[in-house]
Amino acid sequence: MIVICGIGYFEEKLIANLKDKEVIAIDIDPNKAKSIEEKFNNVKAIIGDASSILTWKKIKLERVNHVITAFKDPDVSLEICFFIRKTFNLEIPILVITYTEGIEEKFSEFGVTIINPLKTAVNLVLNKLDKNYSKAIDLGFKKGELIEINVLSKSHLTDRKLKHIKPSNWHLAAIYRNNEIVIPTGNSKIKVGDKIIIFGEPKVLENLTNIFLKGIPQFPLQYGKLMTLYIKGSYEHKYLKEALTLFKCSRATTLEIVITKNTINDKKIERFIENTEMTKEIKKVFSENIFKNLNRQDNGLNAFILPKISFFQKIKLKQIFKETEKPITIFKNNETFSKIVVCLNSPDMAHILEIGIELARLSKVNIETVFTTLPKELRNEDDEKRLNEVTEIVKDFNAIYKMDIKLNILEGNPVRETLRYLNYQKNILLITGYKKFNSGSFFKPSTAYNLAIKCNCSILLIPQSVE
């Protein structure tokens, strides 16, 4: 049995579709109650105040399966919920139909489902207007965590096996292709023209929409909208210049310059911010402890200016490696970087290369890759497999982007040979990945950490989780 409290146009249409259900309709207006009972044989009308306990005592509550309330005043519905949950101790489903926004918290303790017909109708219209992108309006939290997208643009996420993409904070649920449904596996590929269903964090899905519809690079929005630059000590403007260039070409919306207590050139930094022509926001904040900012949800990139790394800075950098889940950039160049080099001696090579290509597209500079392996006579089967995988990944990306990304194969120690290769070039931004929360040890040194402290060029380090 279903109890409907409050009879209006919407509720009458609902009752018309409940012909196989026994319905009790409560309304304080005798004319409405009489009319609804005459129209539908399955309806028994009760004339009374639905927010009065006396009215509810007229109903055999043990037979009630659902309660639907529909009042303009949400407090009336709240009173009904109180009776059902607290007075009668019933755990039956309650649906609250309302046109009032922002009442979820009021009803949270009663475990009800809130339905706003106006909001639902607006979302349906918006979905029809934008035929390439639709949000689910009655699934999950209804906050955009499940979306349907028509893939219109070639990007780093198309034409690649899903096992090489390893998405974080989103998941591909289904692919519709040529009027057939494809259940995704690790070997599946997303193609232009597909309709896909994905779910995940709503903010992440907004960025994915831009990629699939327009092929727009999004770094560092995959991680957050802020680029946070930590400054401690005294540095010339030439070191700030490179940080500003990366911020300008990235998709970060705000550059937050964090000043620590030992910053000498505070006033110089203020003048630098004032004299910088930038449409995006730059702001200065003070913090005594940088570690509390590293993993903020909206933080997309942690950046440091360290032209020369001291012994104590090495220790602190090792701690940062262990603490942060967000990308790290260490600026060392006197001038803006003119080329990106991607080190493929990383846990997830494809992920690092896709970020390198995004940044190369955003900053409009050339990109090449470097990979170090053992000499041929010392390689085992796994080494050969890894080398072949590197070659295939670079080949795939060249085909996707119609690019000619050079692959430099080096032999020997990854740190030593990569440093030797970089020493012949100037104004480089090196990009590499490392295992999350692992800065290496004496017996198992981290390639990324050693490159960070030893290379003379700026470096972007991406934390990765690899199974």
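**View 1. Lys189 is partly exposed, with a relative accessible area of 33%.** Here "partly exposed" sits between buried (under 20% relative accessible area) and exposed (over 50%), using a 1.4 Å probe and protein chains only. This is a predicted model, where local features need pLDDT of at least 70, side-chain atom pairs count only at pLDDT 80 or more, and totals for chains, interfaces and linings use all residues. Residues are numbered from 1 along each chain as its sequence is written, and side-chain values use heavy atoms, leaving out hydrogens and water. You'll find Lys189 in the loop between strand S10 (180-182) and strand S11 (195-200); strands are DSSP E runs of at least two residues, helices are H or I runs of at least four, and both are numbered from the N terminus.

**View 2. Lys435 belongs to strand S20 (residues 428-435).** Lys435 is partly exposed, at 49% relative accessible area. Leaving aside residues up to four places away in sequence, Lys435 touches Pro347 and Gln464 (contact means heavy atoms within 4.5 Å). Pro463 is 28 residues from Lys435 in sequence, yet their C-alpha atoms are 5.7 Å apart in space.

**View 3. Asn89 isn't a glycine, but has a positive phi of about 55 degrees.** Look for Asn89 in the loop between helix H4 (74-87) and strand S5 (94-97). Asn89 is exposed, with a relative accessible area of 56%.

**View 4. Asn179 has a positive phi too, about 65 degrees, again without being a glycine.** Its loop runs between strand S9 (170-177) and S10. With 85% relative accessibility, Asn179 counts as exposed.
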